[in-house]
Amino acid sequence: MAGGPGMKSLYDVLAPAKLNTFLHIVGRRADGYHLLQSVFMLIDWCVTLHLELRRDGQISRSDEVADLALPADDLCVRAARALQAATGTKLGAHIHLHKRIPAQAGMGGGSSDAAACLLALARLWQVKLPRKQLAELALQLGADVPFFLLGRHAWVEGIGQELQPVILPPARFWVLKPPVGLSTPAIFGSPELKRDSEAATILGFAALGPEQIFEFGRNDLQPVAQKLCPDIDQGLKWLADRCLQGRMTGSGSAVFAHLPNEGAANTGLSKPADGWTARVCSTLEVHPLADW
Ligand code: C5P
């Protein structure tokens, strides 16, 4: 996927998903955004992006899901336009997405695509922004986008922009996505959301043993999501029936469970019911574009 001077396309650019090992809401800003503490973990469930240079300056987008109506404010297109504006380049691109991460899952699919577009387009257009400016641009696209630029598992604070790399033991997880997705603003906006969790410390987290790391804390968004989406309970029960402790990621609706040993995934290629997506994923130590 690397290219040299005068390159016209970048193929098979990988944009991985994330899981939140825990997610605590510790406050709310005046603008409504929530202050959180979380560990964002990269996993090997990836979208593949293909990018073609356009010399007419236009940004266009296609998707392998032919009948998928692309939103007018598609995050990849917004990322591309923001990079054009910040660098002043006259070049454009066609962006094609292949093998999507489920949307409205809490797995950061759209945010990861946007971060990968920023990095790949900077390479395709041969433009360079200072890292700090790129991170600011990413934050304007979405609170989760800066994490995917960092390219490592991270302890995350603020609204998602204060990032410190953390080391996690290599691990595998069942990841289950129900047919129904959840809207992030609806979950964060719920009057029932607990917004006053006690602050934890990265030092306390880093001192946990490998057996405790994935059990630490909880997801404060989960009770609200469970009320809106009963499928979440079904997913958690499916995991519990396999002696696995499930938890929701991000604002849902996907749930996941750590597989404590090699044998635990040998439960057959089953899933809770028709319409669900289920797969066993592994941690990714670094983002595939970490040194771009
Ligand atoms: O930043 P992003 O567009 O991904 O966020 C989607 C919505 O989620 C925001 O409009 C906001 O309602 C909510 N949100 C929040 N606090 C965060 C992240 C997201 O309230 N830290």
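Strand S2 gives the largest share of the lining of the largest pocket, five residues. Helices (H or I, at least four residues) and strands (E, at least two) are DSSP runs, numbered from the N terminus. This is a predicted model: local features need pLDDT of at least 70, side-chain atom pairs count only at pLDDT 80 or more, and totals for chains, interfaces and linings use all residues. Residues are numbered from 1 along each chain as its sequence is written, and side-chain values use heavy atoms, leaving out hydrogens and water.

**Largest pocket**
- The largest pocket holds about 1,300 Å³ of space.
- Of its 50 lining residues, Leu 75, Gly 110, Ser 111, Asp 144 and Thr 184 are the closest to its centre.
- Strand S1 (9-28), S2, H1, H2 and helix H5 (184-188) each give two or more residues to this lining.
- The lining divides into 24 nonpolar, 17 polar and nine charged residues.
- Nonpolar means Ala, Val, Leu, Ile, Met, Phe, Trp, Tyr, Cys and Pro; charged means Asp, Glu, Lys and Arg; the others, Gly among them, are polar.
- A pocket is an open set of points on a 1 Å grid over the protein atoms alone, where a 1.4 Å probe fits, with protein on both sides within 12 Å along at least five of seven lines; lining residues have an atom within 4 Å of a point.
- A volume is the space filled by probe spheres set on the points, which are joined across faces, edges and corners.

**Second largest pocket**
- The volume of the second largest pocket is about 290 Å³.
- Phe 214, Glu 215, Gln 245, Ala 257 and His 258 are the closest to its centre, out of 14 lining residues.
- Strand S9 (255-259) supplies the largest share of this lining, three residues.

**Helix H1**
- Asp 74 caps the N-terminal end: a side-chain oxygen lies 3.2 Å from the backbone nitrogen of Cys 76.
- Gly 88 follows H1, with a positive phi near 75°.

**Thr 48**
- Thr 48 is found in strand S2.
- Thr 48 is buried, with a relative accessible area of 11%.
- Not counting residues up to four places away in sequence, Thr 48 touches (heavy atoms within 4.5 Å) residues including Asp 12, His 96 and Lys 99.

How values were computed: A polar contact is a pair of N or O atoms within 3.5 Å; within protein, one must be able to donate a hydrogen and the other to accept it, and residues adjacent in sequence count only if both atoms are side-chain atoms. Buried means under 20% relative accessible area, exposed over 50%, partly exposed in between (1.4 Å probe, protein chains only).
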